[in-house]
Amino acid sequence: MYSAKVMDHFQNPRNVGEIEDASGVGTVGNAKCGDIMRIYLDIDDKTHVIRDCKFKTFGCGAAVATSSMATELVKGKTIEEAMGITNKAVMEALDGLPPVKVHCSLLAEEAIHAALWDYAEKHHLVIPGLEKPKSDISEHDEEEEY
């Protein structure tokens with residue numbers, strides 16, 4: 001069962017679209033479920049504050065909801081603060097997700113990190129704790145065991 005917040009962000013997603021000449025763009029997917037998430041960031045080069053964030057997602061309702069919530073969470077944050085937004089923070093902000101949909105929140109976290117990576121690459125910056133993103137975020141191997 002989905003929370004009221006998940007349903008609201010699915011039915012009325014915030015920040016849908018693209019940012020032309022975005023400071024950073026991150027695209028990640030999960031080959032197993034078919035979800036693809038792209039996050040666009042507009043970052044102030046002097047203050048490193050995220051002025052705007054938009055997304056385009058192809059996937060289930062939970063993928064849309066986590067994308068929408070992730071954009072809300074990063075707006076107005078510094079790069080360092082955005083690095084602290086985890087999949088757990090996205091899930092908590094949505095009042096939880098069913099266990100089979102937790103991977104959607106992981107996509108949201110990774111899409112943010114991928115967009116920050118793109119920004120760092122373009123500006124020759126090192127962002128502490130940021131690692132090169134994976135383009136395919138698959139579920140953990142131990143979950144595949146029978």
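**Entry 1: Lys75 and its partner**

I looked up Lys75 and found that Lys75 forms a salt bridge with Asp52, with 3.6 Å between the closest N and O atoms. I noted the rule: a salt bridge is a side-chain nitrogen of Lys or Arg within 4 Å of a carboxyl oxygen of Asp or Glu. Lys75 lies in the loop between helix H2 (61-74) and helix H3 (79-83), and Asp52 lies in strand S3 (residues 50-58), so the pair ties together parts that are 23 residues apart in sequence. The helix and strand labels are DSSP runs numbered from the N terminus, helices being H or I with at least four residues and strands being E with at least two.

I then checked the exposure of Lys75, which is partly exposed at 30% relative accessibility. Here buried means under 20% relative accessible area, exposed means over 50%, and partly exposed is in between (1.4 Å probe, protein chains only).

The model is predicted: local features need pLDDT of at least 70, side-chain atom pairs count only at pLDDT 80 or more, and totals for chains, interfaces and linings use all residues. Residues are numbered from 1 along each chain as its sequence is written, and side-chain values use heavy atoms, with hydrogens and water left out.

**Entry 2: other salt bridges**

I asked how many salt bridges the rule gives. The count comes to eight. Asp52 also forms a salt bridge with Lys54, and there the closest N and O atoms are 4.0 Å apart. Lys54 is partly exposed, with a relative accessible area of 22%.

I looked up Arg51 next. Arg51 forms a salt bridge with Asp42, the closest N and O atoms being 2.9 Å apart. The relative accessible area of Arg51 is 49%, and I wrote it down as partly exposed.

**Entry 3: the sheet**

I traced the strands and found three of them in an open sheet, in the order S1-S2-S3, with antiparallel pairing. Strand S1 (24-30) and S3 stand at the edges with a single partner strand each, so one side of each has no neighbour in the sheet. From one strand to the next the twist averages 15°.

Two strands count as paired if DSSP finds at least two bridges between them. S1 and S2 pair over seven bridges in the antiparallel sense, and in that pairing Asn30 stands opposite Asp35 in S2. Strand S2 (residues 35-43) and S3 run antiparallel and are joined by eight bridges. I also found Tyr40 opposite Lys54 in S3. The hairpin of S2 and S3 has six residues between the strands, and His48 takes a positive phi near 60° there.

I looked up helix H5 (residues 102-123), which has 22 residues and reaches 32 Å from its first C-alpha to its last, close to the 32 Å expected at 1.5 Å a residue. The expected span is 1.5 Å times one less than the number of residues in the helix. His124 follows H5, and its phi is positive, near 55°.

At what angle do H2 and H5 pack? The angle is about 40°, and the axes are 8 Å apart. That makes H2 oblique to H5. Angles under 35 degrees count as roughly parallel, over 145 as roughly antiparallel, 65 to 115 as roughly perpendicular, and the rest as oblique.

Is Ser67 buried or exposed? Ser67 is in helix H2, and it counts as buried at 0% relative accessibility. The C-alpha atoms of Ser67 and Ser105 are separated by 8.0 Å, although the two residues are 38 apart along the chain.

I looked at Gly59 as well, which is in the loop between S3 and H2 and is partly exposed at 39% relative accessibility. Gly59 and Cys104 are 45 residues apart in sequence and 9.1 Å apart in space, C-alpha to C-alpha.

**Entry 4: two residues in one loop**

I found Asn15 in the loop between helix H1 (4-11) and S1. Asn15 is not a glycine, yet its phi is positive, about 65°. Asn15 is buried, with a relative accessible area of 12%.

Asp21 is also in the loop between H1 and S1. Its phi is near 55°, a positive value in a residue other than glycine. Asp21 is exposed, with a relative accessible area of 77%.

Conventions: Axes are lines fitted to C-alpha atoms, for helices over the stretch in contact, and angles run from 0 to 180 degrees between N-to-C directions.
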